[in-house]
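Open the model in your viewer and keep the selection panel at hand.

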Amino acid sequence: MYSQGLINSDTQIEESQEFLDAFQARIDAEEKIEPNDVMPQAYKKMLVRQIAQHAHSEIVGMLPEGNWVTRAPSLRRKAALLAKVQDEGGHGLYLYSAAETLGVSREELTEQLVTGKAKFSSIFNYPTLSWADIGAIGWLVDGAAIMNQIPLCRCSYGPYARAMIRVCKEESFHQRQGYELMMSLAQGTEKQKQMAQDALNRWWWPSVMMFGPHDAESTHSDQSMRWKIKRFTNDDLRQKFINATVPQATFIDLKIPDKDLRWNDDKEGYDHGPIDWAEFWNVVKGNGPMARDRITARKKAWDEGEWVRDAAHAYAEKRRAEKIAAE
Amino acid sequence: MTKTTPLWEVFIRPRNGLSHKHVGSLHASDKTMAINAARDVYTRRNEGTSIWVVPSISITASDPDKADENFEPSEDKIYRHPTFYDIPEDIGHM
C-alpha cells in the first residue's frame, strides 16, 4: 500500500518540453528519482517493464535450480543450493516491491506472468539436464547477472537502485559456489570433467545472449541510457563478461565452445564468434525448450496457493472481529 | 481525563539516493502537524532531504524476548556467505 499512499501516479501532468528538460537535468545531476516525484510517463513505463521482467526472472529462476535440490550429491552442496534458491525468491520480492512503488499492483504483475504476457530472462527457458548445470548456472548465469546488476545499483530510480544494492550483496556467494562446483567436477574423474564441459557447452551461448541484442538492434537502449536506468550498453556488458569469464574457464581447463574466440590486443578484450540471434528471438518469443513448463509451474504454484491466501485473509478477519468484540 | 496527543515515528532520508532512516519520535495531533514538527525538530542542521512520519501505533515490532529464536538460526548458515567457498587466489575477485 506504500505506493498508493505516496505516489501521485494518477496525476496527469502536461509533459511539456520544459518539464522533460527539467527532469533530464535532475537525471544529469545524478539526483535519484523517488516514488512521489513527478516523472514522465515513459520513464515510469520503462521502469515498470524492466523491474517487473527482472522480478519475474528471479522467481522463474528458482525453477531450473530447484529441480536439483533433492538430488544434490552432498549436504554441503544441498545447503548451498537451497540458500541460493531462497535468495532468488527474496530478490523477486525486493524487485516486485520496487515496481509497486510505481503504482502497479503485485496481482497485476503476477497475472501478467502466469498468462504469459510478461517476459522474463531467456536463460531460464533452458533445461538443467545434469548436476554440472547447477555449477554452470552459478558461474555463468549469475556471473552475467552480476555484470548487469552492479551498474543497476546506480540506476536513477531510487527504489530500484537500493533493491539492487541488497541483491548484489546477497548474491556475492552465488557465482562463487557455482565456480567452486565446476572446479571440483573439472578436477574430478574423466567422466565428471566431461559433465562440466558439456554443461559449459550448453550454457555458454545462452549466457552470452543474456545481455540482449547488439546495441544497434536494441530498441530501448538509447533512452534507457539517457535516463540513466542503464549505465552500459548490452555489448559493453557482454564484452566485460567474456573478458572476465574466459580466463576462469582456462584456469580449470575447460574449453569455451567458440572457435572464433581470441584475444584482441587492440581492444584489450576477446573477439567472439557470431551469436545465433534466431535462437535468441525464438526463446524470447516464448518458444524456448522449457518455456511452457516454467509458466505452467508458476501458474500451478499460484493457483494451488489460492486457498492459503484465502485462509490467511479469513484468519485475519476473524482476529479483527474477535478484537472488536473484546473491546 | 486529559486527552493524549498521538505519538509518531519519524524517518529521514539523509541524502539523495539513500533510504529513509528512523531518527526518533514526537507527539502531534495529525499528520501535517507531525511533518511540520519533525522538520522543526529533526532537520535543524540540514540532516535530510525528505521526511516520513508514521503513527507509532501502526508499527508492529518483533518480540525482544524472542531475539534468540528469531535470529540465532541464521548464525550457523555460513554457506550463505561468499567466504565459505574456496576460490583460488589466481582467479582474483569473484
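Helices here are DSSP runs of H or I with at least four residues, numbered from the N terminus. Keep in mind that the model is predicted.

**Stop 1: the largest pocket**

Select Gln53(A), Ser121(A), Asn148(A), Met210(A) and Phe211(A). Of the 44 lining residues, these lie nearest the centre of the largest pocket. The space inside is about 1,200 Å³.

Now colour the helices of chain A. Which of them each supply at least two residues of the lining? They are α3 (41-60), α5 (75-100), α7 (132-152), α8 (158-186), α10 (221-226), α11 and α12 (277-287). Stay on α7(A) for a moment: its eight residues are the largest share of the lining.

Switch to colouring by residue class. The pocket lining has 18 nonpolar residues, 16 polar ones and ten charged ones.

**Stop 2: the cavity**

How many cavities of 30 Å³ or more does the structure hold? There is one. The volume of the largest cavity is about 30 Å³.

Select Ile27(A), Glu30(A), Glu31(A), Lys32(A), Ser156(A), Lys228(A) and Arg231(A) to display its lining. Five of the lining residues are charged, one is polar and one is nonpolar.

**Stop 3: chain A against chain B**

Show both chains. The size of an interface is often given as the accessible area lost when the parts come together. For chain A and chain B, the buried area is about 1,900 Å², with 62% of it on carbon and sulfur atoms. Chain A brings 23 residues to the contact, and chain B brings 18.

Zoom to Glu34(A) and Arg13(B). Their side chains form a salt bridge, at 3.2 Å from N to O. The count of salt bridges between the two chains is one.

**Stop 4: two positive phi angles**

Go to Asp253(A), in the loop between α11 (234-251) and β1 (262-264) of chain A. Its phi is positive, about 60 degrees, although Asp253(A) is not a glycine. Is Asp253(A) buried or exposed? Asp253(A) counts as exposed because its relative accessibility is 53%, and the cut-off is over 50%.

Move on to Glu268(A), in the loop between β1 and β2 (269-271) of chain A. Glu268(A) also is a residue other than glycine with a positive phi, near 50 degrees. With a relative accessible area of 59%, Glu268(A) is exposed.

Key: Residues numbered from 1 in each chain as written. Chains lettered and ligands numbered in written order. Predicted model: local features only at pLDDT ≥ 70, side-chain atom pairs only at ≥ 80, totals over all residues. Heavy atoms only, no water. Buried < 20%, exposed > 50% of the residue type's maximum accessible area, 1.4 Å probe, protein only. 1 Å grid on protein atoms, 1.4 Å probe; cavity = no way out; pocket = protein on both sides within 12 Å on 5 of 7 lines; lining within 4 Å. Points joined across faces, edges and corners; volume = space filled by probe spheres on them. Nonpolar A, V, L, I, M, F, W, Y, C, P; charged D, E, K, R; others polar. Contact = heavy atoms within 4.5 Å. Buried area = accessible area lost by both parts, 1.4 Å probe. Salt bridge = Lys/Arg side-chain N within 4 Å of Asp/Glu carboxyl O.
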